[in-house]
Amino acid sequence: DPPDVQLLRTLERVLGVLVENRDLTVILLRQAVGLDPEFDQKLQEFYGRVREIIVVSLDIGMELGLVRPLNAPLAAACILGSVKEVLGDIVLADVIPEDLSEAARSILDFNLPGVMT
């Protein structure tokens, strides 16, 4: 499949897992900063790993000529922030669409033009 189709399928699966595990998603999105320093550290490390995965993907995309030259860490933070915001609307507001592909497509429609060549 073309890269955009692969991204869509991956994002659909990720959204599906997070919606199916609502309690975990609520914990991931509602950072109880300051209540438990050890948990705060683990959550920070989790988001750091997610950002790094996005950075590596962007770097590979730049090497392949699919992604325009950009500051990959900054772009990764923007992408992660948009995904977290959409998840917040879906999961925290309990407005789960029947078809998560619409949410996944919206996330990609927003993010891809900012990074693609």
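Me: Where does R13 lie?
Reply: This is a predicted model, in which local features need pLDDT of at least 70, side-chain atom pairs count only at pLDDT 80 or more, and totals for chains, interfaces and linings use all residues. Residues are numbered from 1 along each chain as its sequence is written, and side-chain values use heavy atoms, with hydrogens and water left out. Helices are DSSP runs of H or I with at least four residues, numbered from the N terminus. R13 belongs to residues 3-20, helix α1.

Me: Is R13 buried or exposed?
Reply: Buried means under 20% relative accessible area, exposed over 50%, and partly exposed in between, with a 1.4 Å probe and protein chains only. The relative accessibility of R13 is 55%, so R13 counts as exposed.

Me: Which residues of α2 are buried, and how do they lie around the axis?
Reply: The buried residues in α2 are T25, V26, L28 and L29. Seen down the axis of α2, they line one face of the helix, because they fall within an arc (taken from the directions from the helix axis to the C-beta atoms) of 165 degrees.

Me: Which residues of α4 does α2 meet?
Reply: Contact means heavy atoms within 4.5 Å. From α2, the residues involved are R22, T25, V26 and L29. Their partners in α4 are K84, L87, G88, V91 and L92.

Notes. Helices (H or I, at least four residues) and strands (E, at least two) are DSSP runs, numbered from the N terminus.
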